Amino acid sequence: QVQLVESGGGLVQTGDSLRLSCATSGLVFNTYTMGWIRQAPGKEREFVAAVSWSGTSTYADSVKGRFTGSRENAKNEVYLQMNSLKPEDTAIYYCAADPTGRLWSRLYRQSDYDRYYWGQGTQVTVSS
């Protein structure tokens, strides 16, 4: 049984930092591209970052230079360091396990939902 569990969200102020973690089990972790997807209130889910099995990462333009994705294969965990947070970063952040590397396209479509394994999400709220 595949499980993804996010943690690290919270309420912060503009300019603050947070580090999200996603612990996984039940999959061969180092064969998956790991992604971070977020959903703001009233909006559809959108791509944030993807981290390849080797640790190479790619980002949405809106977070490039502020967010850093990383992973530790020995621990089956992936992380998202978020710096210089803005109110528009407020969203539920989901960890996704991508078996084919599709997230490397930096796109997420709602029709892709069933392609990935998902965590339950962690809320990030940035106050102005």
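The model is predicted, and local features require pLDDT of at least 70, side-chain atom pairs count only at pLDDT 80 or more, and totals for chains, interfaces and linings use all residues. Residues are numbered from 1 along each chain as its sequence is written, and side-chain values use heavy atoms, with hydrogens and water left out.

The largest nonpolar core comprises 37 residues, of which Leu-80, Met-82 and Tyr-93 touch the most other members. A nonpolar core is here a set of buried Ala, Val, Leu, Ile, Met, Phe, Trp, Tyr and Cys residues joined through side-chain atoms within 4.5 Å. Buried denotes under 20% relative accessible area, exposed over 50%, and partly exposed the range in between (1.4 Å probe, protein chains only). At least two residues of this core are supplied by each of β3 (18–25), β4 (33–39), β5 (46–51), β8 (77–82), β9 and β11 (122–127). The largest share, 6 residues, comes from β9. Strands (E, at least two residues) are DSSP runs, numbered from the N terminus. Tyr-93 has contacts beyond its neighbours within four places in sequence, among them Leu-20, Ile-37, Phe-67, Leu-80, Met-82 and Val-124. Contact means heavy atoms within 4.5 Å.

Not counting residues up to four places away in sequence, Leu-18 touches residues including Gly-8, Val-12, Leu-80, Met-82, Leu-85 and Val-124. Its C-alpha atom is separated by 21 Å from that of Ala-97, a residue 79 places away along the chain. Ser-21 also has its place in β3 and, at 17% relative accessibility, is likewise counted as buried. With neighbours within four places in sequence left aside, Ser-21 is in contact with Val-5, Glu-6, Ser-7, Trp-36, Val-78 and Tyr-79.

Strand β5 is mostly covered, 5 of its 6 residues being buried. It runs antiparallel to β4, to which it is joined by 5 bridges; two strands pair if DSSP finds at least two bridges between them. Within β5, Glu-46 stands opposite Arg-38. The hairpin formed by β4 and β5 has 6 residues between the strands, and Gly-42 in the turn has a positive phi of about 75°. Strand β5 is also joined by 3 bridges to β6 (residues 57–59), again in an antiparallel arrangement. Here Thr-58 in β6 is the bridge partner of Ala-50. In the hairpin of β5 and β6, with 5 residues between the strands, Gly-55 takes a positive phi near 100°.

The count of salt bridges comes to 7, where a salt bridge is a side-chain nitrogen of Lys or Arg within 4 Å of a carboxyl oxygen of Asp or Glu. One of them joins Asp-61 and Arg-106, whose closest N and O atoms are 3.2 Å apart. Asp-61 lies in the loop between β6 and β7 (67–72) and Arg-106 in the loop between β9 and β10 (117–118), so this pair ties together parts 45 residues apart in sequence. Asp-61 is exposed, with a relative accessible area of 59%, whereas Arg-106 counts as partly exposed at 33%. A further salt bridge connects the side chains of Arg-66 and Asp-89 (2.7 Å, N to O). Because Arg-66 lies in the loop between β6 and β7 and Asp-89 in the loop between β8 and β9, this pair ties together parts 23 residues apart in sequence.

Arg-102 forms a salt bridge with Asp-112, the closest N and O atoms being 3.1 Å apart. Asp-112 is buried, with a relative accessible area of 1%, while Arg-102 counts as partly exposed at 30%. Asp-98, in strand β9 (residues 91–98), is buried yet has no salt bridge, and Arg-102, the nearest side chain of opposite charge, is 7.3 Å away. For charge, Lys and Arg count as positive and Asp and Glu as negative; His and the chain ends are not counted. A polar atom of the Asp-98 side chain lies 3.1 Å from the backbone nitrogen of Gly-101. Leaving aside neighbours within four places in sequence, Asp-98 is in contact with Tyr-32, Thr-33, Leu-103 and Tyr-116.

Technical notes:
Helix = DSSP H or I, 4+ residues; strand = E, 2+ residues; numbered from the N terminus. Polar contact = N/O pair within 3.5 Å; in protein donor to acceptor, adjacent residues only side chain to side chain.
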